[in-house]
Amino acid sequence: MAITMTSAAANHVNRYLQSRGHGAGIRLGVRTSGCSGMAYVLEFVDAVQDEDQVFEAEGVKIVIDPKSLLYLDGTELDFVKEGLNEGFKFNNPNVKNECGCGESFNI
């Protein structure tokens with residue numbers, strides 16, 4: 001099981017961690033939401049829990065709880081700029097369908 005991150009995503013996360021002044025990395029997870037069933041959750045993490053899985057990519061720790069890992073195994077986190085919009089993009093090989101707005105997915 002593995003989670004990866006592109007250089008663009010790592011650079012973006014590192015900039016925010018530095019400006020924040022503290023943090024162990026980012027937490028990637030899923031929650032029930034949206035019209036397709038699940039949505040991604042991305043937040044800073046200050047402490048790693050005993051049950052968490054920790055991956056490191058491009059010098060950034062990616063922390064995932066065991067339940068979310070089942071849905072995220074093989075995912076690559078990217079940071080993209082498209083016109084005036086910018087944000088994280090989840091390249092998840094497990095996704096079968098996504099909603100039209102791109103906010104939720106199912107497996």
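Strands β4 and β5 pair in the antiparallel sense over 5 bridges, where pairing requires that DSSP finds at least two bridges between two strands. The model is a predicted one, in which local features need pLDDT of at least 70 and side-chain atom pairs count only at pLDDT 80 or more, while totals for chains, interfaces and linings use all residues. Residues are numbered from 1 along each chain as its sequence is written, and side-chain values use heavy atoms, with hydrogens and water left out. Helices (H or I, at least four residues) and strands (E, at least two) are DSSP runs, numbered from the N terminus.

**The β4-β5 hairpin**
- The two strands β4 and β5 form a hairpin with 2 residues between them.
- Glu58, in the turn, has a positive phi of about 55 degrees.
- Gln53 has Ile64 in β5 as its bridge partner.

**Helix α1**
- Helix α1 spans residues 7-20, and its 14 residues reach 20 Å from the first C-alpha to the last. This is close to the expected 20 Å, taken as 1.5 Å times one less than the number of residues.
- Ala9, Ala10, His12, Val13 and Leu17 of α1 are buried (under 20% relative accessible area, with exposed meaning over 50% and partly exposed in between, for a 1.4 Å probe and protein chains only).
- These residues lie on the same side of α1 because they cover an arc of only 165 degrees around the axis, the arc being that of the directions from the helix axis to the C-beta atoms.
- Gln18 and Ser19 are exposed on the face of α1 turned away from its buried side.

**The three-stranded sheet**
- An open sheet of 3 strands runs in the order β1-β6-β7, with mixed pairing.
- β1 (4-5) and β7 (85-91) stand at the edges with a single partner strand each, so one side of each has no neighbour in the sheet.
- β6 (residues 76-82) pairs with β7 in the antiparallel sense over 7 bridges.
- Glu76 stands opposite Asn91 in β7.

**The nonpolar core**
- The largest nonpolar core has 21 residues; such a core is a set of buried Ala, Val, Leu, Ile, Met, Phe, Trp, Tyr and Cys residues joined through side-chain atoms within 4.5 Å.
- Ile3, Met5, Leu28, Ile62, Ile64 and Leu72 have the most contacts inside this core, contact meaning heavy atoms within 4.5 Å.
- The largest share of the core, 4 residues, comes from α1.
- Not counting residues up to four places away in sequence, Ile3 touches several residues, including Leu28, Phe55, Ile62 and Leu72.
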